[in-house]
Number of protein chains: 2
Amino acid sequence: MKTFVATLALLTVALTLRAEIKTETIEYKDGDTTLEGHLAYDTGFTGPRPAVLVVHQWMGLTDYEKKRCEMLVKLGYVAFAVDIYGKGIRPTTVSEAGAQAGKYKSDRALLRQRVNAGLACLRKQGRVDAGRIAAIGYCFGGTTVLELARSGADVAGVVSFHGGLDSPKPEDGKNIKCKVLALHGADDPFVPEKDLAAFEAELRAAKVDWQLVQYGGAVHSFTDWKADGSLKGAQYNERADRRSWADMEQFLVESFK
Amino acid sequence: MKTFVATLALLTVALTLRAEIKTETIEYKDGDTTLEGHLAYDTGFTGPRPAVLVVHQWMGLTDYEKKRCEMLVKLGYVAFAVDIYGKGIRPTTVSEAGAQAGKYKSDRALLRQRVNAGLACLRKQGRVDAGRIAAIGYCFGGTTVLELARSGADVAGVVSFHGGLDSPKPEDGKNIKCKVLALHGADDPFVPEKDLAAFEAELRAAKVDWQLVQYGGAVHSFTDWKADGSLKGAQYNERADRRSWADMEQFLVESFK
């Protein structure tokens, strides 16, 4: 057994040395709006790879999402962090973030259009296996990937990390064609119990392939390394972060089969 | 990458050939009551191994639990399917099963005593790393491993598969020292919504390290290959079976660290 593990470790090291992660800033459009996304991939792969679209939190596309892209590339995927707000629109205060996120949360049609523009951009990237794309999102991005699913987008699966689960049009659950995984802090004060119940009811009624994981002791933003609790009810939780990432990994493997 | 996978496959085959799964029927006692459990292990391992206690469904210890033991051994663990009902008490009808399960469900002190007798038996087995034991249970057995946790047992973690989550003494949540994972069919008609809410409240109040996974579209007995739907609301679900087993695997690895 020890020999086996040692061999495996050596092979892993060899593979790691071979890989090189490249990133590109990509401009794309939604109508007249210019958006600026972040693409990451491993030059070690020659053929097309399954790809993961990443949707940002309410602060817009930051280093946080870029780091998640890097982690996804290390799992063997192409990763693309989309931009919902628009090029140059990067909130610097909670108040600005709230205004931006609020604009899209109250206009789900626009939100769906914006995230679908990102999906279209990702789909046409050369290194991408266009038939194997999933989407993940954090907080505001969790809400967004659920809206992507509700828009009927042709993706393999969506994963929401501490996302808002409410839907102004629960009947749109019937449009969902992909697998859905919601990763939720059991003590998240920003997602009321009634939203969880409505979310379950929506997916149940639409016979969606859905899963919901609740992490005890976790609140909002449990994956966000910078969430230090200064915003009440939002705090990083190493245990829930690690577990939710592993749950996502398992989900992606299954979704891309 | 292909070479890597091929090498890995060869090594796996080599390991598989080396391993031999042995089983033993083990008699043990709870006071004056004789119980008959099923131990399974891999002769290929020399040192002590982490161990998993398996608690049966309402039909008592059957080939189903023995098969799960075999699967656990293939993951590298010693597995022990305990006997809650007593030697020779193996219900053959739903009515008999209901009577047996009901007896223990209505006497949680006896249920805790009985499962702890199984744990004590497992702990003293020579091949077992006594400091690394977890417990899993199906249906009635799910309820039982939660009672094991509530008894304050010194185990690393417990996993309930489609188990009843109710507790007549929710204040006993404070005794729980181990990690708890509840794997639940989102459409299970045998576990009312109020039991789920009470379960969460119990673990939350006691600050337990808990997780709850809900599988959309799954009802009761989703892991039971023989559940063909003839009992309304209880049906095998290949997808939820596969996912819940993987979720358990991940949980055991973390629990045994």
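**Close-up views of a predicted two-chain model**

The structure holds zero disulfides over all chains, a disulfide being a pair of cysteine sulfur atoms within 2.5 Å. This is a predicted model, in which local features need pLDDT of at least 70, side-chain atom pairs count only at pLDDT 80 or more, and totals for chains, interfaces and linings use all residues. Residues are numbered from 1 along each chain as its sequence is written, chains are lettered from A and ligands numbered from 1 in the order in which they are written, and side-chain values use heavy atoms, with hydrogens and water left out.

For chain A the mean pLDDT is 94, and 93% of its residues reach 70 or more; pLDDT is the predictor's confidence in each residue, from 0 to 100. The complex is given an ipTM of 0.92 and a pTM of 0.93 by the predictor. Where pLDDT is low, the predicted coordinates should not be read in detail.

**View 1. Cysteines A:C69 and A:C121.** The closest cysteine sulfur to that of A:C69 belongs to A:C121, and the 12 Å between them is too far for a bond. Seen from A:C121, the closest cysteine sulfur is that of A:C69, again at 12 Å. A:C69 is buried, with 0% relative accessibility. A:C121 also counts as buried, at 4%. Here buried means under 20% relative accessible area, exposed over 50%, and partly exposed in between, computed with a 1.4 Å probe on protein chains only.

**View 2. A:L72 in the largest nonpolar core.** A nonpolar core is a set of buried Ala, Val, Leu, Ile, Met, Phe, Trp, Tyr and Cys residues joined through side-chain atoms within 4.5 Å. The largest one has 57 residues, and the members touching the most others are A:L72, A:I136, A:L252, B:L72, B:I136 and B:L252. Apart from neighbours within four places in sequence, the contacts of A:L72 are A:V52, A:V54, A:Y77, A:A79, A:I136, A:W245, A:M248 and A:L252, where contact means heavy atoms within 4.5 Å. In soluble globular proteins, nonpolar side chains tend to be buried together.

**View 3. The aromatic pair A:Y64 and A:Y138.** Over all chains, a search of the whole structure finds 16 aromatic pairs. A:Y64 and A:Y138 form an edge-to-face pair, with 5.2 Å centre to centre and 90° between the planes. The two tyrosines come from distant parts of the chain, 74 residues apart: A:Y64 is in helix α2 (residues 63-74) and A:Y138 in strand β5 (residues 128-138) of chain A. Both A:Y64 and A:Y138 are buried. One aromatic cluster is formed by A:Y64, A:Y138, A:F161 and A:W225. Rings of Phe, Tyr and Trp (its six-membered ring) pair if their centres lie within 6.5 Å; planes under 30 degrees apart count as stacked, over 60 as edge-to-face and the rest as tilted. Helices (H or I, at least four residues) and strands (E, at least two) are DSSP runs, numbered from the N terminus.

**View 4. Arginine over phenylalanine in each chain.** In chain A, the charged end of A:R49 sits over the ring of A:F45, 4.0 Å from its centre. In chain B, B:R49 lies over the face of B:F45, at 4.0 Å from the ring centre. A charge sits over a ring if NZ of Lys or CZ of Arg is within 6 Å of the ring centre and within 35 degrees of the ring normal.

**View 5. A:H220 and A:C139.** A:H220 lies in the loop between β8 (210-215) and α7 (238-255) of chain A. Its relative accessible area is 9%, so A:H220 is buried. Neighbours within four places in sequence aside, A:H220 is in contact with A:C139, A:H162, A:D188, A:P189, A:F190, A:G233, A:A234 and A:Q235. A:C139 is in the loop between β5 and α5 (140-150) of chain A. Although not a glycine, A:C139 has a positive phi of about 55°. A:C139 counts as buried at 13% relative accessibility.

View 6. A:K207 is found in the loop between α6 (193-205) and β8 of chain A. This lysine, A:K207, has a positive phi of about 55° although it is not a glycine. At 76% relative accessibility, A:K207 is exposed. B:K207 is placed in the loop between α6 (193-205) and β8 (210-215) of chain B, and counts as exposed at 75%.
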